[in-house]
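Visitor: Can you walk me through this one? I'd like to start with the charged pairs.

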Amino acid sequence: MGTESQVITYNRASRNFTLLPLRYPDEINDLNIRVRSLYLDNGRSLYIGFSSIGMQVYDLQTKKIEQFSPGDTREKDCRCDTLLANTVSAFAPHAANNNNLWIGTYDGIYLFDKKKKNFSRRFEIENPMINVYRPGPFY
């Protein structure tokens with residue numbers, strides 16, 4: 001369960017709530033951070049999207065947590081607002097590749113490679129329904 005600044009898990013067997021050990025940058029206290037989205041994949045990893053600081057991946061088996069920021073992939077001379085890129089608001093599984101995860105930010109869509117642990121914006125979305133002629137009645 002995501003709250004304003006924490007993620008809480010519930011163990012049904014023991015009927016206990018536990019706070020996950022999230023990490024915050026030193027210059028930001030947890031009151032400035034908001035949990036925006038959660039995604040649990042088949043590999044038993046919990047993806048946590050935050051405002052301003054990107055995402056963290058919590059391994060439910062090893063209890064280790066890693067920090068990732070989509071805005072870190074921006075070019076150094078970019079005058080973009082990295083806070084927009086680092087606000088992760090949505091997750092969606094990739095339909096054709098289980099190693100990839102779509103990441104929605106306030107700056108657009110990123111593709112996260114779970115194995116390589118990096119973000120990419122170099123992808124092409126093909127829509128076979130565009131410019132398809134279908135003869136017959138149109139209602």
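Visitor: How many salt bridges does a search of the whole structure find?
Guide: The search finds 3. Keep in mind that this is a predicted model.

Visitor: What does K114 pair with?
Guide: K114 forms a salt bridge with D41. Their closest N and O atoms are 3.2 Å apart. The pair links distant parts of the chain, 73 residues apart. K114 is in the loop between β9 and β10, and D41 is in the loop between β3 and β4.

Visitor: D41, buried or exposed?
Guide: Buried. D41 has 9% relative accessibility. K114 is buried too, at 18%. The cut-off for buried is under 20% relative accessible area, so K114 at 18% falls on the buried side.

Visitor: And which residue does E66 meet in a salt bridge?
Guide: The side chain of E66 meets that of K117, at 2.8 Å from N to O. E66 sits in strand β6, while K117 is in the loop between β9 and β10. They are 51 residues apart, and this pair also links distant parts of the chain. E66 is partly exposed, with a relative accessible area of 33%. K117 counts as partly exposed as well, at 39%.

Visitor: What about R121? Which residue is its salt-bridge partner?
Guide: D107, with the closest N and O atoms 3.2 Å apart. R121 lies in the segment after β10 and D107 in the loop between β8 and β9, so the pair ties together parts 14 residues apart in sequence. Both are partly exposed: R121 has a relative accessible area of 37%, and D107 has 22%.

Visitor: Switching to the fold. How many helices and strands are there?
Guide: There are 1 helix and 10 strands. Along the sequence the pattern reads β-β-β-β-β-β-α-β-β-β-β. The helix, α1, spans 82-85.

Visitor: What order do the strands take in the sheet with β3?
Guide: The order is β3-β4-β5-β6. This is an open sheet of 4 strands with antiparallel pairing.

Visitor: How many bridges join β3 to β4?
Guide: 5, and the two strands run antiparallel. One of the paired positions is L38, whose bridge partner in β4 is I48.

Visitor: What joins β9 to β10?
Guide: 3 bridges, with the strands antiparallel. L111 has S120 in β10 as its bridge partner.

Visitor: That leaves β1 and β2. How many bridges join them?
Guide: 4 bridges, again in an antiparallel arrangement. N11 has N16 in β2 as its bridge partner. The two strands make a hairpin with 4 residues between them. In that hairpin, R15 takes a positive phi near 60 degrees.

Visitor: Now the surface. Which residues make the nonpolar patch?
Guide: M1, Y10 and F17, over about 370 Å². M1 is in the segment before β1. At 53% relative accessibility, M1 counts as exposed.

Visitor: And overall, what share of the residues is buried?
Guide: 33% of the 139 residues. The protein exposes about 9800 Å², and carbon and sulfur atoms supply 49% of that.

Visitor: Last one: G71, buried or exposed?
Guide: Buried, with a relative accessible area of 6%. G71 is in the loop between β6 and α1. Its C-alpha atom is 9.9 Å from that of Y110, 39 residues away along the chain.

Terms used:
Residues are numbered from 1 along each chain as its sequence is written. This is a predicted model: local features need pLDDT of at least 70, side-chain atom pairs count only at pLDDT 80 or more; totals for chains, interfaces and linings use all residues. Side-chain values use heavy atoms; hydrogens and water are left out. Two strands pair if DSSP finds at least two bridges between them. Patches are made of residues with over 30% relative accessible area and no salt bridge: like charges are joined within 9 Å, nonpolar side chains (Val, Leu, Ile, Met, Phe, Trp, Tyr) within 5 Å. Accessible areas come from the Shrake-Rupley method with a 1.4 Å probe; for residues, only the protein chains shown count as cover. A salt bridge is a side-chain nitrogen of Lys or Arg within 4 Å of a carboxyl oxygen of Asp or Glu. Buried means under 20% relative accessible area, exposed over 50%, partly exposed in between (1.4 Å probe, protein chains only).
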